[in-house]
Amino acid sequence: MSQGVILFPSIHFAIRAEKLMKEKGISYKLIPVPRPLSSDCGVCLRIPWEKKEEVLGILAQSAVKVDGAHPL
């Protein structure tokens, strides 16, 4: 199963995203942003990559700002 990361502009959005994933029962983990990627936040949400569209939809519906989504 391939993984990917969702980047956020601040820790506030990362924590909100974590809460939403927990509520929806989607597998996730907050991790430090990988070196090749940059983010003002410093942490990102690692998710199963096949769930990317579902996760981005949930975040958009909840007004969680996203800086980008990248496969690992």
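I will take the sheet, then the helices.

This is a predicted model, in which local features need pLDDT of at least 70 and side-chain atom pairs count only at pLDDT 80 or more, while totals for chains, interfaces and linings use all residues. Residues are numbered from 1 along each chain as its sequence is written, and side-chain values use heavy atoms, with hydrogens and water left out.

Helices (H or I, at least four residues) and strands (E, at least two) are DSSP runs, numbered from the N terminus. Two strands pair if DSSP finds at least two bridges between them.

The sheet is open and has four strands in the order S2-S3-S1-S4, with antiparallel pairing. Which strands stand at the edges? They are S2 (29-32) and S4 (68-71); each has a single partner strand, so one side of each lacks a neighbour in the sheet. From one strand to the next the twist averages 35°. For angles, axes are lines fitted to C-alpha atoms, for helices over the stretch in contact, and angles run from 0 to 180 degrees between N-to-C directions.

Going through the pairs, S2 and S3 are joined antiparallel by four bridges, and Lys29 stands opposite Arg46 in S3. S1 and S3 are antiparallel too, with five bridges; here Gln3 is opposite Pro48 in S3. S1 (residues 3-7) also runs antiparallel to S4, over four bridges, and Val5 faces His70 in S4.

H1 packs on this sheet, touching S2 and S3 (43-48), and its direction makes about 25° with that of S3. Contact means heavy atoms within 4.5 Å.

Now the helix pair. H1 (residues 11-24) and H2 (residues 52-61) pack at about 115°, with their axes 10 Å apart. On the H1 side, Ala17, Leu20, Met21 and Lys24 meet Val55, Ile58 and Leu59 of H2. By class, that contact has six nonpolar residues, no polar and one charged. Nonpolar covers Ala, Val, Leu, Ile, Met, Phe, Trp, Tyr, Cys and Pro; charged covers Asp, Glu, Lys and Arg; the others, Gly among them, are polar.

Which residues of H2 are buried? Val55, Ile58 and Leu59 are, where buried means under 20% relative accessible area and exposed over 50%, with partly exposed in between (1.4 Å probe, protein chains only). Seen down the axis of H2, the buried residues fall within an arc of 95°, so they line one face of the helix. That arc is taken over the directions from the helix axis to the C-beta atoms. These buried residues of H2 pack against S1, H1 and S3. On the other side of H2, Glu53, Ala60 and Gln61 are exposed.
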